[in-house]
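User: I would like to learn how to read a chain interface and a sheet from a model. Please take me through one case.

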There are 2 protein chains.
Amino acid sequence: MSFDYQGLAQQFVNHYYSQFSADRGSLAPLYRDHSMLTFERDQVQGTQAIVEKLTSLGFQKVQHEIATLDAQPGTPGNRDVIVMVTGKLLIDDEPTPKGYSQVFHLIPEGDSYYVYNDIFRLVF
Amino acid sequence: MSFDYQGLAQQFVNHYYSQFSADRGSLAPLYRDHSMLTFERDQVQGTQAIVEKLTSLGFQKVQHEIATLDAQPGTPGNRDVIVMVTGKLLIDDEPTPKGYSQVFHLIPEGDSYYVYNDIFRLVF
């Protein structure tokens, strides 16, 4: 557990959720063609399918409120990072935020990281 | 996405939670010395530290009620599996179950799998 995977995870998730709120289409560069997204019951693979899924979600305004964010190095000797986030989703003008959990598996590429695994579930 | 990672994840988690209820000390063979556990705010590494942490938790009877279980292959071309579970924890005689989220990263070893990453959080 040597490099600052917690700081990296925090930075990545802040960036991801900020882009998610501003323009979900702008998340495309964070995925690759072998990336996977499980969003509730749906599983899709590849940048295009993932971005189509994310942009087709039926809300306009959305904000993530992070409650916990935990990270661990994902592979012995590598610099990939597994992140679990729990929090609340504030959607449009709904008065009650929805609980959610999300996992990201971040893979290093050059000076940056992309999302290989993304699993999202609302929590009731 | 070729092998039955969802079935494997389901089978593993059922086994893990059943052992967790019966005897937390018996989980030791599922970890290795480079395995990591984040349990709420605490992070420990290695089979011995992990099992000490799990067996020191201050409850006698505990049961996991799984609400969702999602799995994805964790590395391109490999057979490791990332699992996210959400559910409720029933503790001793507490009347209200507690929500939780947990991530396991399962690494193949011979015919079996061990836990490399384990992140657990209660959800409020």
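User: How many residue pairs are in polar contact across the interface of chain B and chain A?

Analyst: A polar contact is a pair of N or O atoms within 3.5 Å; within protein, one must be able to donate a hydrogen and the other to accept it, and residues adjacent in sequence count only if both atoms are side-chain atoms. Between chain B and chain A the rule finds 17 such residue pairs, both residues at pLDDT 80 or more. This is a predicted model, where local features need pLDDT of at least 70, side-chain atom pairs count only at pLDDT 80 or more, and totals for chains, interfaces and linings use all residues. Residues are numbered from 1 along each chain as its sequence is written, chains are lettered from A and ligands numbered from 1 in the order in which they are written, and side-chain values use heavy atoms, with hydrogens and water left out.

User: Which element gives the largest share of the side of chain B that touches chain A?

Analyst: Helices (H or I, at least four residues) and strands (E, at least two) are DSSP runs, numbered from the N terminus. Strand 6 of chain B gives the largest share, seven residues. By class, this side of chain B has 16 nonpolar, 13 polar and five charged residues. The classes are: Ala, Val, Leu, Ile, Met, Phe, Trp, Tyr, Cys and Pro nonpolar; Asp, Glu, Lys and Arg charged; the others, Gly among them, polar.

User: What is the count of salt bridges between chain B and chain A?

Analyst: A salt bridge is a side-chain nitrogen of Lys or Arg within 4 Å of a carboxyl oxygen of Asp or Glu. The count between chain B and chain A is two. One of the pairs is D70(A) with R121(B), at 2.6 Å, N to O. Over all chains, the structure holds 10 salt bridges.

User: In what order do the six strands of the sheet in chain B lie?

Analyst: Two strands pair if DSSP finds at least two bridges between them. In chain B the order is 2-1-6-5-4-3, in an open sheet with mixed pairing. Strand 2 and strand 3 of chain B stand at the edges with a single partner strand each, so one side of each has no neighbour in the sheet.

User: In which sense do strand 3 and strand 4 of chain B pair?

Analyst: Strand 3 and strand 4 of chain B pair in the antiparallel sense, over 11 bridges. To find the place by residue, look at I66(B), which stands opposite G87(B) in strand 4 of chain B.
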